[in-house]
Each structure stands twice: as C-alpha cells, then as structure tokens.
Amino acid sequence: MHNNIEKLNSVGFALSKKMENISLDFRLGFGSYVDKTVSPYICIHPGRIHNQCSDYNLDCMPPHGYIHVLSLTDNIAEFRNAVNKQKISGNIDTPEGGFDAMLQAAVCQSHIGWRKEAKRLLLVMTDQTSHLALDSKLAGIVIPHEPSLGQLREKLIDNNINEHPSLGQLREKLIDNNINVIFAVQGSQFHWYK
C-alpha cells in the first residue's frame with residue numbers, strides 16, 4: 001500500500017466532491033487494518049515485531065487488526081488530514097484482515113458514527129486479497145468470529161481470539177446494518193473481489 005496512500009487521499013477527496021453533487025449532508029470517516037498480529041501473519045522476531053517493513057528500510061507503523069482512526073465527520077479537511085498522517089504497515093503473508101475490519105466497522109455503530117437515517121457506504125481500498133474463515137487455523141485460532149463492541153478499546157481492535165469471518169457472516173452484518181460496499185482494488189485482485 002506504500003504507493004496507494006496518495007491514491008487513498010485523492011479517492012476520498014474525489015468521492016467527497018461527487019457526494020456534494022448528491023447531498024450536502026454526508027460524512028466521511030477512516031479506519032486502518034493489516035492482519036491478525038500473531039505468527040504466521042506477521043514476523044514475531046523482536047527486531048521486526050514493531051516495524052514489519054524494516055527489511056525495506058521503511059518506517060512502518062506496528063501491525064494491527066483494525067484501528068478506528070476517524071469517526072464519520074462532515075469536515076473534509078479533517079478527513080484529508082487523517083489520511084495524510086496515515087503510515088503503511090506490513091505483514092508476512094499476502095492476504096490481509098480486510099473482512100475482519102469490515103465486520104468491525106459494520107457492528108461498531110456508535111464508534112464509527114453511523115447515523116440511523118443515512119445511506120451507508122463502506123469504501124475498502126486494498127492491494128491484496130483478504131483472509132477467509134478457517135484461515136485462522138494456521139495460527140491456532142479456532143473460536144468462531146463473534147464481532148462485539150467490547151473488542152474496540154481506545155480505537156484499536158486486535159482480534160487474535162476469533163477466526164476470520166466467513167463471507168456469510170460478513171454479508172449478514174452488512175445487510176443487517178444497511179451498509180453498501182465498494183471495493184477499490186488493483187489489477188489482479190479485481191477478479192478475486194468480483
């Protein structure tokens with residue numbers, strides 16, 4: 001995602017401009033995710049545990065499950081500022097914890113700031129596929145996924161207890177919470193998300 005942080009900012013800004021043509025009453029928010037923070041998803045070597053990108057001479061933020069960075073706001077400048085401050089992170093395997101993050105964004109209604117009467121849109125930008133249910137067994141994680149508000153502490157969710165959600169679980173929570181999803185993905189990942 002190193003090359004995509006600028007794209008994220010421009011896509012978010014472009015989306016806000018398009019939304020202004022439809023409604024003056026809209027909000028933007030921002031969250032970040034990587035993967036579960038256990039082996040084999042991240043390198044647990046003490047020298048790399050806080051910077052998975054050290055082999056590439058990059059200063060990355062520590063790996064994390066999901067971080068709720070900015071609640072929904074009508075302040076576009078605040079949104080752009082939050083995205084501009086974002087640093088990349090890393091993991092070892094190719095898939096990421098995107099479906100975990102989507103599920104948390106769907107169920108953490110008050111933290112995210114979803115309004116009951118609003119149309120809800122979740123834009124997911126990624127350059128990789130997402131882990132699916134049962135992938136967690138590689139790390140010995142076998143408890144079925146149960147998203148809960150209790151997992152969100154100080155804006156950070158590191159869900160190393162539950163399996164990755166199934167597509168059925170994710171679909172159910174998105175429908176229950178009236179959330180439409182747009183996947184903004186690159187090249188070869190397009191067919192996987194389609």
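**View 1. The second largest pocket holds about 180 Å³ of space.** The structure is a predicted model, in which local features need pLDDT of at least 70 and side-chain atom pairs count only at pLDDT 80 or more, whereas totals for chains, interfaces and linings use all residues. Residues are numbered from 1 along each chain as its sequence is written, and side-chain values use heavy atoms, with hydrogens and water left out. A pocket is an open set of points on a 1 Å grid over the protein atoms alone where a 1.4 Å probe fits, with protein on both sides within 12 Å along at least five of seven lines; lining residues have an atom within 4 Å of a point. Volume is the space filled by probe spheres set on the points, which are joined across faces, edges and corners.

**View 2. Residues lining the second largest pocket include Phe99, Met102, Arg171, Phe183, Trp192 and Tyr193.** Helix H3, helix H5 (167-176), strand S5 (179-185) and helix H6 each supply at least two lining residues; helices (H or I, at least four residues) and strands (E, at least two) are DSSP runs numbered from the N terminus. The largest contribution, four residues, comes from H5. By class, the lining has ten nonpolar, no polar and one charged residues. Here Ala, Val, Leu, Ile, Met, Phe, Trp, Tyr, Cys and Pro count as nonpolar, Asp, Glu, Lys and Arg as charged, and the others, Gly among them, as polar.

**View 3. Helix H3 (residues 98-107) is mostly covered.** Ten of its ten residues are buried, where buried means under 20% relative accessible area, exposed over 50% and partly exposed in between (1.4 Å probe, protein chains only). Among the buried residues of H3 are Phe99 and Met102, both of which also line the second largest pocket.

**View 4. Ring pairs link Phe99, Phe183, Trp192 and Tyr193 into a cluster.** Rings of Phe, Tyr and Trp (its six-membered ring) pair if their centres lie within 6.5 Å; planes under 30 degrees apart count as stacked, over 60 as edge-to-face and the rest as tilted. By this rule there are four aromatic pairs. Phe99 and Trp192 are stacked, at 5.9 Å centre to centre with 20° between the planes. Phe99 lies in helix H3 and Trp192 in helix H6 (residues 189-193), so this pair ties together parts 93 residues apart in sequence. Phe99 is buried at 5% relative accessible area, whereas Trp192, at 36%, is partly exposed.

**View 5. Phe99 and Tyr193 form an edge-to-face pair.** Their ring centres are 6.4 Å apart, with 85° between the planes. The pair links H3 with H6 across 94 residues, and both Phe99 and Tyr193 are buried.
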